[in-house]
Amino acid sequence: MALKNINYLLIFYLSFSLLIYIKNSFCNKNNTRCLSNSCQNNSTCKGFSKDNDCSCSGTANNVDKDCDNMKDPCFSNPCQGSATCVNTPGERSFLCKCPPGYSGTTCETTIGSCGKDSCQHGGICHQDPIYPVCICPAGYTGRFCEIDHDECASSPCQNGAMCQDGIDGYSCFCVPGYQGRHCDLEVDECASDPCKNEATCLNEIGRYTCICPRDYSGINCESEIDECWSQPCLNGATCQDALGAYFCDCAPGFLGDHCELNIDECASQPCLHGGLCVDGENRYSCNCTGSGFTGTHCETLMPLCWSKPCHNNATCEDSVDNYTCHCWPGYTGAQCEIDINECISNPCQSDGECVELSSEKQYGHITGLPSSFSYHEASGYVCICQPGFTGIHCEEDINECSSNPCQNGGTCENLPGNYTCHCPFDNLSRTFYGGRDCSDILLGCTHQQCLNNGICIPHFQDGQHGFSCLCPSGYTGSLCETATTLSFEGDGFLWVKTGSVTTKGSVCNIALRFQTVQPMALLLFRGNRDVFVKLELLSGYIHLSIQVNNQPKVLLYISHNTSDGEWHFVEVIFAEAVTLTLMDDSCKEKCISKAPSPLESDQSICAFQNSFLGGLPVGTTSDGVDLLNFYNIPSTPSFVGCLQDIKIDWNHITLENISSGSSLNVKAGCVRKDWCESQPCQSRGRCINLWLSYQCDCHRPYKGPNCLRGKFCRQSRLPSTVCGNEETNLTCYNGGNCAEFQAELKCMCRPGFTGERCEKDIDECASDPCVNGGLCQDLLNKFQCLCDVAFAGERCEVD
């Protein structure tokens, strides 16, 4: 039988070899595609297909396109049946792993008889008439004993154990706490008596728990509890552990169960002579400061100079029970602790900075001080001068004009620490010069544009030529085109409302020029019934008064006559102080008066809603607007004259920015007629120009508008006695009566007047009755004191 099988195999081998030879011979023909090396990727031609396609070696398929797309030899499943196709590494070929009973390159041949390894897992092959039969060992099954029987399929292992299948058997791997072939027996972990020190053992699944008695711990209660673990002993004490307790060995200087008590070593008062005992840990120390003694217990008398009582590097000299400090120049005091302030007298002029030579911190920071500080040179001072000044006390002004910095005929004016050039206007070339040194030609005024005789001032800013107009009095605007002169004709006013003015921070002002012959007139009123400010003329003097809640708070005046018909300029500035200034070329005396502001911090003159110029309104305006009621506010007569360049809070006030109905008897411009030019007063009467008219001050007995009428004085008790006639008469002035005394006519004067004809008004202020700076005002047969804000009383005697 075996010989017969061998013959079959030999015949099969020879036939297969012959077939390969025939195929290779076909590939050698000239009409095949193999002759052009069409097989790529290192393949060789093996045969010839019907459609002249190339069959490449190492593959099981015939591929077109010269075998260049062949990548996976197993792609076409060349192995038959259940055989496994395996790629050969590094080659474009495959190998078929055949199942039992099959053989061949592609497992295409069925083995018909028992051979080597016909049965797997030790199975015994028996030849059947048709095909071999495998007798499998225990644990395997299948035609070729290829199937391993799973004994774990019935889940024989219990209590969560893991079953591992074996050959004809299984094994159970128990979880902790179980044992036995099927893990069905629970383990008693307490059987070995693991708990120590009489602890109770609790058996649990897979483990045990020991319930420890007091004073023991650990998994098996094997450890005694360390009561010292919490470190109960304080202040460096040593803890001694015991069964259920602990003991503290205290460090020196401490006691108590936990060594928490510090023994007071100062209780025995070891420090002498008033020394301060400082308790420490198991020790003490004596602070002898201020006692005059030294040593461990302040027992040794210390020289007074040892404590260095002298300041500022002074020399200390001991004496009996005392010491003396010898100070360096520039210092004083019992201990030389006082630095003499040499700068207190402000010796440096021209805003120079005075720096004491004793200011050690300034050395190295200020030029002018010596290079280093020393006490023997610390007396005195140096003056650090502002630019432009020199000298020990900065008293010398450096003449910056000495270098002739001004060009083109400019005039140099030396200023403190600086200079300024007054640049000329060249009439010949009509050229303006400007700039710091008059070196620039200014073209802004080439075409004169300022109106009303305004002065054109050229400038050069931001690369552009321009100009500004310096307006004369009575005009304003960028081209001086707006007139600011107003004429007040009496019994009128100009109402300026808050909406037309603005404030400048917390400071505001009132400024105006005025011209009048009135000795008594209201220039401006600002505020309301409770709080207001008045600027007025009283006896020809400018007065400023501020009243708060019916109480006069500020009264400022300047004793300079301004009722002379000339222009005068007055300005009031409201800030922390109230300042009244009269700017007048004829004002020879002091023309500035100042007082603290009477208003609270949350009040301001600037916030008042209404300002009235020239007088106060009554009733309603022409357009029906109700005016404020000022009936109870005393006021001087309304202003008659002209106001000019009015500014309220730095804003110009003109008729153009005043709403209609806010003025009465106010006109633009200033028209003034000299009523006395025609000498209307007769009989040697004195003409007084009243702006809108005139008034004659007549000599008695003349009277009337032009002093044309007269009345002679006669003695009523002597009807035949004539006191005067056309040739000889006696005129008594100021209400005096004519009387005959010892055959002579005499004037009997009314109280307050004196003189032969009662022509002299007695000056009740001649005796200076007003005190504390009060201003005396002479009245008819009496006087009135105008007191400063801090004083009151008939003579300003009440503080």
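**Close-up views of a predicted model**

**View 1. Aspartate 649 forms a salt bridge with arginine 526, and the closest N and O atoms of the two are 3.0 Å apart.** A salt bridge is here a side-chain nitrogen of Lys or Arg within 4 Å of a carboxyl oxygen of Asp or Glu. Aspartate 649 sits in the loop between β54 and β55 (651–652), whereas arginine 526 belongs to strand β46 (residues 521–527), so the pair ties together parts that are 123 residues apart in sequence. Strands are DSSP runs (E, at least two residues), as helices are (H or I, at least four residues), and both are numbered from the N terminus. Aspartate 649 is buried at 2% relative accessibility, and arginine 526 is buried at 1%; buried means under 20% relative accessible area, exposed means over 50%, and partly exposed is in between, with a 1.4 Å probe and protein chains only.

The model is predicted, so that local features need pLDDT of at least 70 and side-chain atom pairs count only at pLDDT 80 or more, while totals for chains, interfaces and linings use all residues. Residues are numbered from 1 along each chain as its sequence is written, and side-chain values use heavy atoms, with hydrogens and water left out.

**View 2. Strands β15 and β16 form a hairpin with 2 residues between them.** Strand β15 (residues 200–204) and strand β16 (residues 207–211) run antiparallel and are joined by 5 bridges; strands count as paired if DSSP finds at least two bridges between them. Asparagine 203 stands opposite tyrosine 208 of β16, and glycine 206 in this hairpin takes a positive phi near 80°. The side chains of glutamate 204 and arginine 207 meet in a salt bridge of 2.7 Å, N to O, which is one of the 4 salt bridges in the structure. Glutamate 204 counts as partly exposed at 26% relative accessibility, and arginine 207 as partly exposed at 48%.

**View 3. Strands β57 and β58 form a hairpin with 4 residues between them.** These antiparallel strands, β57 (residues 686–689) and β58 (residues 694–697), are joined by 4 bridges, and asparagine 689 has tyrosine 694 in β58 as its bridge partner. Tryptophan 691 in the turn has a positive phi of about 75°. Arginine 686 forms a salt bridge with aspartate 697, the closest N and O atoms being 3.4 Å apart; arginine 686 lies in strand β57 and aspartate 697 in strand β58, 11 residues apart. Arginine 686 is partly exposed, with a relative accessible area of 49%, and aspartate 697 is partly exposed at 38%.

**View 4. An open sheet of 3 strands has the order β37-β38-β39, with antiparallel pairing.** Its edge strands, β37 (425–426) and β39 (440–442), each pair on one side only, and 2 bridges join β37 to strand β38 (residues 431–434). Phenylalanine 425 stands opposite phenylalanine 432 in β38.

**View 5. Aromatic rings of the structure form 5 pairs.** Rings of Phe, Tyr and Trp (its six-membered ring) pair if their centres lie within 6.5 Å, and planes under 30 degrees apart count as stacked, over 60 as edge-to-face and the rest as tilted. Phenylalanine 425 and phenylalanine 432 form a tilted pair, 4.4 Å centre to centre and with 40° between the planes. Phenylalanine 425 is partly exposed, with a relative accessible area of 29%, and phenylalanine 432 is partly exposed, with one of 21%. The rings of phenylalanine 488 and phenylalanine 639 have centres 5.9 Å apart and planes at 70°, so this pair is edge-to-face. It links distant parts of the chain, 151 residues apart, with phenylalanine 488 in strand β44 (residues 486–497) and phenylalanine 639 in the loop between β53 (610–613) and β54 (640–648). Phenylalanine 488 is buried, with a relative accessible area of 1%, and phenylalanine 639 is buried, with a relative accessible area of 1%. Phe493, Trp495 and Phe612 form one aromatic cluster.
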